[in-house]
Amino acid sequence: MTSRLLIGRVPVTWAARDQSEAATSFAGPEGAHFKQRSRPVTSVMSRGRRRGESDRPVAMEDLKNLRYLEAVIKEALRLFPSVPFYARTICEDCTIRGFKVPKGVNVLIVPYALHRDPEYFPEPEEFRPQRFFPEATNGRNPYAYIPFSAGLRNCIGQRFALMEEKVVLSTILRNFWIETNQKRDELGLVGELILRPQEGIWIQLKDRRQFLSE
Ligand code: HEM
């Protein structure tokens, strides 16, 4: 990587802080809605540690085992891609779904809409982490799900972002149940550079140890 390219990426890396933060805040409450239908889901989400080690900080080894949580994070990024749209300039004449697109045209890619294509995600508004189980993703068009973009200028931080989300969410979920009364249509989503809920997401954290002793 040249130093010019590296310098160019520094502000993007700062912006990435916001992207990860937005993604994490959507994944928790969506997991919570799911949990309302099935309480044990949250304990599955927080699983991944060996018995008797529940208080130690999450380790690299644990992250690989948090497969369900990974599916929850990916499903949240499907419905609420932190970068809801991005632009590209077409470099050569091409045809997309029968439409001729000439070289030089600027196109807007909208993962927020793309991720709701029922051909790839039946009943797209439903939050279903199972869509990201290995058996479900096998054979799916890789461009049907692009929260981190794709191709040469895709996100260089995507692996880090997933790890970061797993660390934050598993740490919260180990200690708290997340609950929310807010409905999805009350979020007041605004698609600026980063997709955000205008009024924030209102959640309640309930100490799990207290809950278990009741
Ligand atoms: C959930 C979290 C994240 C999401 C959804 C995300 C998404 C994206 C997307 C969609 C792009 C392409 C934007 C465009 O082409 O206009 C991008 C680019 C980029 N991301 Fe991320 N990102 C995340 C986290 C991160 C993190 C944690 C880092 C760094 C540690 C990072 C670093 C970058 C960089 C440097 C680019 C520019 C790559 C290039 O232009 O060659 N991102 N990201």
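This is a predicted model: local features need pLDDT of at least 70, side-chain atom pairs count only at pLDDT 80 or more; totals for chains, interfaces and linings use all residues.
Visitor: At what angle do the axes of helix α4 and helix α7 cross?

Guide: In general, two packed helices are described by the angle between their axes and the distance between the axes. Here the axes of α4 (residues 67-79) and α7 (residues 158-175) cross at roughly 110° and come within 10 Å. Axes are lines fitted to C-alpha atoms, for helices over the stretch in contact, and angles run from 0 to 180 degrees between N-to-C directions. Helices (H or I, at least four residues) and strands (E, at least two) are DSSP runs, numbered from the N terminus.

Residues are numbered from 1 along each chain as its sequence is written.

Visitor: Which residues of α4 and α7 meet?

Guide: L69, E70 and I73 in α4 meet L162, E165, K166, L169 and S170 in α7; a contact requires C-beta atoms, placed from the backbone, within 7 Å. The residues of this contact divide into four nonpolar, one polar and three charged. Nonpolar covers Ala, Val, Leu, Ile, Met, Phe, Trp, Tyr, Cys and Pro, charged covers Asp, Glu, Lys and Arg, and the others, Gly among them, are polar.

Visitor: Which residues touch the most other members of the largest nonpolar core?

Guide: A nonpolar core is a set of buried Ala, Val, Leu, Ile, Met, Phe, Trp, Tyr and Cys residues joined through C-beta atoms within 7 Å. A residue is buried if 20 or more other C-beta atoms lie within 10 Å of its own, exposed if 12 or fewer, and partly exposed in between, with C-beta atoms placed from the backbone. Of the 22 residues in the largest core, A23, F26, A27, V72, I73, A76 and F80 touch the most other members. α4 gives the most to this core, with seven residues. Not counting residues up to four places away in sequence, F26 touches A76 and F80.

Visitor: What is the phi of E123, and where is E123 found?

Guide: Most residues other than glycine have a negative phi. E123 is not a glycine, yet has a positive phi of about 45°. E123 is found in the loop between α5 (111-114) and α6 (134-137), and counts as exposed because it has 7 C-beta neighbours inside 10 Å. S149, in the loop between α6 and α7, also has a positive phi, near 65°. S149 counts as partly exposed, with 16 C-beta neighbours inside 10 Å.

Note on methods: Two residues are in contact if their C-beta atoms, placed from the backbone, lie within 7 Å.
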